[in-house]
Amino acid sequence: MAMLTTPGILAPVPLEVAASARARRRGLLGRDGIDGALLLSPAAAVHTLGMRFAIDVAYVDRKFRVLAVRTMKPGRMGRPRPRSRHILEAEAGAMERWGVRHGTQVTVHDR
């Protein structure tokens, strides 16, 4: 499993990477939660149709700089974000706890 760090995180966050088309389509669907975050790559938009919980969505550019962070309730369609190359998903409230906001540089580490 990979790890996610930002300048605001005290300890690395566990990170699942959904790199295949199938894994990106599934995302967090069918889950009751996630320990850490999920990276969808490449991706520019997400939806929460069929989700069981609200999520934080961070749109990230090619250099892993956060373009925007949104909280999405279940049953919503997200709009594509221009320049977004990756998307981070986590349980609602997690991005704020980790200090992930517009302009934050995120780093992905392989274990």
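Predicted model: local features only at pLDDT ≥ 70, side-chain atom pairs only at ≥ 80, totals over all residues.
Me: In what order do the elements of the protein chain run from the N terminus on?

Reply: They go β-β-α-β-β-β-β-α-β, where helices (H or I, at least four residues) and strands (E, at least two) are DSSP runs numbered from the N terminus. That's two helices and seven strands. Residues are numbered from 1 along each chain as its sequence is written, and side-chain values use heavy atoms, with hydrogens and water left out.

Me: What makes the protein chain as compact as a globular protein of that length?

Reply: Its radius of gyration is 12 Å, close to the 13 Å from the globule rule for 111 residues, so the chain is as compact as a globular protein of that length. The radius is taken over C-alpha atoms, and the rule is 2.2 Å times the number of residues to the power 0.38. Those C-alpha atoms fill a box of roughly 35 × 30 × 25 Å along the principal axes.

Me: Why is Ser84 called buried?

Reply: Buried means under 20% relative accessible area, exposed over 50%, and partly exposed in between (1.4 Å probe, protein chains only). Ser84 has 11% relative accessibility, so it counts as buried. You'll find Ser84 in the loop between strand S5 (66–72) and strand S6 (86–91). Across the protein chain, 42% of the 111 residues count as buried.

Me: What is Ser84 in contact with, leaving aside its neighbours within four places in sequence?

Reply: Ala43, Ala44, Tyr59, Val60 and Leu67, where contact means heavy atoms within 4.5 Å.

Me: What makes the Ser84 side chain and the backbone oxygen of His86 a polar contact?

Reply: A polar atom of the Ser84 side chain lies 3.3 Å from that oxygen. A polar contact is a pair of N or O atoms within 3.5 Å; within protein, one must be able to donate a hydrogen and the other to accept it, and residues adjacent in sequence count only if both atoms are side-chain atoms.

Me: Why does Asp61 count as buried?

Reply: Its relative accessible area is 15%, so Asp61 falls on the buried side. Asp61 sits in the loop between strand S4 (55–60) and S5. Its side chain reaches the backbone nitrogen of Lys63 at 3.0 Å, and one of its polar atoms lies 2.9 Å from the backbone nitrogen of Arg65. Not counting residues up to four places away in sequence, Asp61 touches Leu67, Arg83, Arg85 and His86.

Me: Arg83 or Phe64: which is exposed and which is partly exposed?

Reply: Arg83 has a relative accessible area of 65%, so it is exposed. Phe64 comes in at 23%, so it counts as partly exposed. Arg83 lies in the loop between S5 and S6, Phe64 in the loop between S4 and S5.

Me: What is phi in Phe64 and in Arg83?

Reply: Phi is near 65 degrees in Phe64 and near 75 degrees in Arg83. Each is a positive value in a residue other than glycine.

Me: Which residues does a cis peptide bond join?

Reply: Ser41 and Pro42, with omega about -5 degrees. Pro42 is in the loop between strand S3 (37–40) and S4.
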